[in-house]
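Trainee: I am new to reading protein models. Could you walk me through a few features, one at a time?

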Amino acid sequence: MLFDSHAHYTDKQFDADRDELLAKMRENNIGKIMNSCSNLEEIPDILKLCEKYDFIYASAGVHPHDVEGMTEADIGRLAEYAKHPKVKAIGEIGLDYYYDNSPRDEQKKWFARQIELARELDMPIVIHDRDAHGDCMDILRSFHDNIKGEFHCFSGSVEMAREALNMGMYIAFGGSLTFKNSVKPKEAAKYVPLDRVLLETDCPYLAPVPMRGERNSSRYLHYTAEMLARIKDVPVDAVENASYENAVNLFEI
């Protein structure tokens, strides 16, 4: 059984067949799904999904694309949403210097503030880090390792993975692990021990090979599991079982 630790089923790309797709998850060997959040406005729809499907859980947070104009009142709203029994993490939060949709100072400010909120609530964080490894790690270091969570869609080096693991973080790999040019993630995947690995789709984005270019969904997660098993030279079942248990433990489900 697989745990998709990062998905976006409230995305409009699923509007035409969302319920039909989710109804078939168990027959596709998907036991649980963590539906991640990008902004405050989508949280009510995510919670509706969580209440409709017993295998779907949620994170609540503001993505770096959406932090411009954020206020302390929004932190209060996040704290209220986090009281819902299906909300298991604060995220996805972090830095994105690839698109720079929000000013970098704002990104750093609200990334740090949402980490503080997670610590106040004793919840894990889900980190989005794109082309911002240095600043992301600097912010995490400022909390003196007193954090828990995961690096979503990890794209850093082995050295960065080592430091993140020393902080107590989990490392998540998605469809990009199957791409031919995905050198650093493959190196990191070989290094990260099975007891700290998570699997994810980030659907509807980043469909794995051989489905690359299609709309992604949790039913394609097995391709990433198979690639990780080849990289680590272990049975696929070992990857599936370990990543499932790791997600259950991290999110305290």
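Mentor: Gladly! Keep in mind that this is a predicted model. Let's start with a cysteine: Cys37 is buried, at a relative accessible area of 0%.

Trainee: Which cysteine sulfur is nearest to that of Cys37, and how far away is it?

Mentor: A disulfide needs two cysteine sulfur atoms within 2.5 Å. The nearest sulfur to Cys37 belongs to Cys50, 10 Å away, so Cys37 is in no disulfide. Cys203 is in no disulfide either, with the sulfur of Cys153 nearest at 12 Å. A search of the whole structure gives zero disulfides.

Trainee: How should I read a nonpolar core, and which residues touch the most other members here?

Mentor: In soluble globular proteins, nonpolar side chains tend to be buried together. Here the largest nonpolar core has 74 residues, and Tyr9, Leu140 and Phe151 touch the most other members. Setting aside neighbours within four places in sequence, the contacts of Phe151 include Ile127, Met160 and Tyr170. There is also a second, separate core of 13 residues, with Tyr57 and Leu198 among them.

Trainee: And how many salt bridges are there?

Mentor: The search finds 16. In one of them, the side chains of Glu72 and Arg113 meet at 2.7 Å, N to O. This pair links distant parts of the chain, with Glu72 in helix α3 and Arg113 in helix α4, 41 residues apart.

Trainee: Are those two residues buried or exposed?

Mentor: Glu72 is partly exposed at 43% relative accessibility, whereas Arg113 is buried at 17%.

Terms used: Residues are numbered from 1 along each chain as its sequence is written. This is a predicted model: local features need pLDDT of at least 70, side-chain atom pairs count only at pLDDT 80 or more; totals for chains, interfaces and linings use all residues. Side-chain values use heavy atoms; hydrogens and water are left out. Buried means under 20% relative accessible area, exposed over 50%, partly exposed in between (1.4 Å probe, protein chains only). A nonpolar core is a set of buried Ala, Val, Leu, Ile, Met, Phe, Trp, Tyr and Cys residues joined through side-chain atoms within 4.5 Å. Contact means heavy atoms within 4.5 Å. A salt bridge is a side-chain nitrogen of Lys or Arg within 4 Å of a carboxyl oxygen of Asp or Glu. Helices (H or I, at least four residues) and strands (E, at least two) are DSSP runs, numbered from the N terminus.
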